[in-house]
Amino acid sequence: GVRATLYSGTKHSFATHLRESGVPLDAIQELLGHADRRSTERYAKLRSPALAELIRMHLPKNGSRG
């Protein structure tokens, strides 16, 4: 395995980019080496447009919600 130390700002950018790309939070948690999910949640913040896009991606294609 490769070990790399990431600067905090880089971690935020990296985690946010992954989250906005649809990577599950538990996968990001593992990549960052966080034992506590709350730490990962602090790094992987979604901006509003990205959050809206993720919601749209997961809605059924026909527009129904259930």
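1. L59 is located in the segment that follows helix 4 (48-58). The model under review is a predicted one. With a relative accessibility of 35%, L59 is classed as partly exposed, because that class covers values between 20% and 50%.

2. L59 also belongs to a nonpolar surface patch, which it forms with L51 and I55. Together, these residues present about 250 Å² of accessible area.

3. Turning to helix 2 (residues 25-32), its buried residues are L25, I28, Q29 and L32. These residues lie on the same side of helix 2, because the arc they cover around the axis is only 105°.

4. Which exposed residues does the face of helix 2 turned away from its buried side carry? They are E30 and L31. After helix 2 comes G33, which has a positive phi, near 75°.

5. The largest nonpolar core comprises 7 residues: A15, L18, L25, I28, L32, Y43 and A44. At least two residues of this core come from helix 1 (8-20), and at least two from helix 2. Helix 2 provides the largest share, 3 residues. As a general matter, nonpolar side chains tend to be buried together in soluble globular proteins.

Notes
Residues are numbered from 1 along each chain as its sequence is written. This is a predicted model: local features need pLDDT of at least 70, side-chain atom pairs count only at pLDDT 80 or more; totals for chains, interfaces and linings use all residues. Side-chain values use heavy atoms; hydrogens and water are left out. Buried means under 20% relative accessible area, exposed over 50%, partly exposed in between (1.4 Å probe, protein chains only). Helices (H or I, at least four residues) and strands (E, at least two) are DSSP runs, numbered from the N terminus. The arc is that of the directions from the helix axis to the C-beta atoms. A nonpolar core is a set of buried Ala, Val, Leu, Ile, Met, Phe, Trp, Tyr and Cys residues joined through side-chain atoms within 4.5 Å. Patches are made of residues with over 30% relative accessible area and no salt bridge: like charges are joined within 9 Å, nonpolar side chains (Val, Leu, Ile, Met, Phe, Trp, Tyr) within 5 Å. Accessible areas come from the Shrake-Rupley method with a 1.4 Å probe; for residues, only the protein chains shown count as cover. A salt bridge is a side-chain nitrogen of Lys or Arg within 4 Å of a carboxyl oxygen of Asp or Glu.
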